[in-house]
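Welcome! Keep the 3D view open as you read.

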Amino acid sequence: MPEIIQDTDTDMVLSLVDLARYPIADLESAEGAAFLKACQDQMEEHGWCNLDGFIRPEALVALADESNALLPTADVLTIKRNIYQGAIDPSLPKDDLRRKEYTHVATQLADDQLPNETLIQRLYQSPRLTDFVRRVQKKDVLHRCADEFQALNVVALHPGSWHAWHYDTTECTVTLLLQAAETGGDFAFLPNSRTDETEDREAVDRLLAGDMSHTQKFDRGAGTFTLFRGGYSLHGVTEVEGSTPRVTAIMTYDEQEGRVISDDINIRIYGDRVKNILAERAASSINA
Ligand SMILES: O=C(O)CCC(=O)C(=O)O
Ligand SMILES: [Fe+2]
């Protein structure tokens, strides 16, 4: 098995990604350009691009082990939010499903709990990876999300848990499955279900009412790298079954450099730990 080269100079794309299958480090070659075009076409046509086996098998073991070693230090979060993570159209009737708060429980490492030297953080911070995501999403510029908590997360859903339907607070998202559920735990979404102006309310209502027949789902083994427009595509994860937690790394990107997420939303997601960090910071800036 090819070993994983972890010295500090190595770009983790070169060490962890199956480059023979997915030549993301060589997008200017004829083969790389054809691959990129296929990804862009898939993104444009379907609103997602799904690359199974993106991470090499031995690299996947290292990434899953690393996350499983860190997860016991993570908070178990009970996340309560509506699908928009806050702002609701005030004209919606009181009993509209889009007003409803959905709750899910996840063991979650926020970006500030993932040290810079971890493999997953180094993969996320690879300029090659960011550039690949940018090009698949056909953006002139795309930055890694600047939010100290949201940029990169590792999320474990234990059997019995689901991930409630929501839109992300940044446009472009990647979900990388590090450890699959035995059964269930399907990533499901409505590709491009809204724009800045409108929303496909029929599709959204149908999903919120429990009808998943129109959602996009696919078989995703561990190591699958899925790009989609998380800020514009209602999505979530179905209940995890069996005895193994489902573990994903969530990578987020933003066209706007330096944009951070509001404290309210971060406290809603990350709970007391983040609330205390922000309160202490506010207190020390007053005292300074
Ligand atoms: O676990 C996944 O595949 C998706 C999770 C997600 O949507 C999120 O963390 O925003
Ligand atoms: Fe999401």
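Which residues does alanine 249 touch, not counting residues up to four places away in sequence? Its contacts are Ile120, Leu152, Val154, Leu176 and Leu178. Keep in mind that you are looking at a predicted model.

**The nonpolar core**
- The largest nonpolar core is made of 67 residues.
- Ile120, Val133 and Ala249 have the most contacts inside this core.
- Ala249 and Ile120 also touch each other.

- Four strands form an open sheet in the order 6-12-9-10, and their pairing is antiparallel.
- Strand 6 (163-166) and strand 10 (216-217) are at the edges, each with a single partner strand, so one side of each has no neighbour in the sheet.
- Strand 9 (residues 187-190) is joined to strand 10 by two bridges, and the two run antiparallel.
- If you look at phenylalanine 189, you will find its bridge partner, glutamine 216, in strand 10.
- Helix 6 (residues 201-208) packs on the sheet, where it touches strand 6, strand 9 and strand 12.
- The direction of helix 6 makes about 150° with that of strand 9.

**A buried loop residue**
- Alanine 180 sits in the loop between strand 7 (172-179) and strand 8 (183-184).
- Is alanine 180 buried or exposed? Alanine 180 counts as buried because 21 other C-beta atoms lie within 10 Å, and the cut-off for buried is 20 or more.
- Leaving out residues up to four places away in sequence, alanine 180 touches Gly185, Gly221, Ala222 and Arg246.
- Glycine 221 is 41 residues from alanine 180 in sequence, but their C-alpha atoms are 6.2 Å apart in space.

**Two packed helices**
- Two packed helices are described by the angle between their axes and the distance between the axes.
- For helix 7 (residues 263-270) and helix 8 (residues 272-287), the angle is about 145° and the axes are 6 Å apart.
- Helix 7 brings Asp263, Asn266, Ile267 and Tyr270 to this contact, where they meet Arg273, Val274, Lys275 and Leu278 of helix 8.
- The residues of this contact divide into four nonpolar, one polar and three charged.

Methods. Residues are numbered from 1 along each chain as its sequence is written. Chains are lettered from A and ligands numbered from 1 in the order in which they are written. This is a predicted model: local features need pLDDT of at least 70, side-chain atom pairs count only at pLDDT 80 or more; totals for chains, interfaces and linings use all residues. A nonpolar core is a set of buried Ala, Val, Leu, Ile, Met, Phe, Trp, Tyr and Cys residues joined through C-beta atoms within 7 Å. A residue is buried if 20 or more other C-beta atoms lie within 10 Å of its own, exposed if 12 or fewer, and partly exposed in between; C-beta atoms are placed from the backbone. Two residues are in contact if their C-beta atoms, placed from the backbone, lie within 7 Å. Axes are lines fitted to C-alpha atoms, for helices over the stretch in contact, and angles run from 0 to 180 degrees between N-to-C directions. Ala, Val, Leu, Ile, Met, Phe, Trp, Tyr, Cys and Pro count as nonpolar, Asp, Glu, Lys and Arg as charged, and the others, Gly among them, as polar. Two strands pair if DSSP finds at least two bridges between them.
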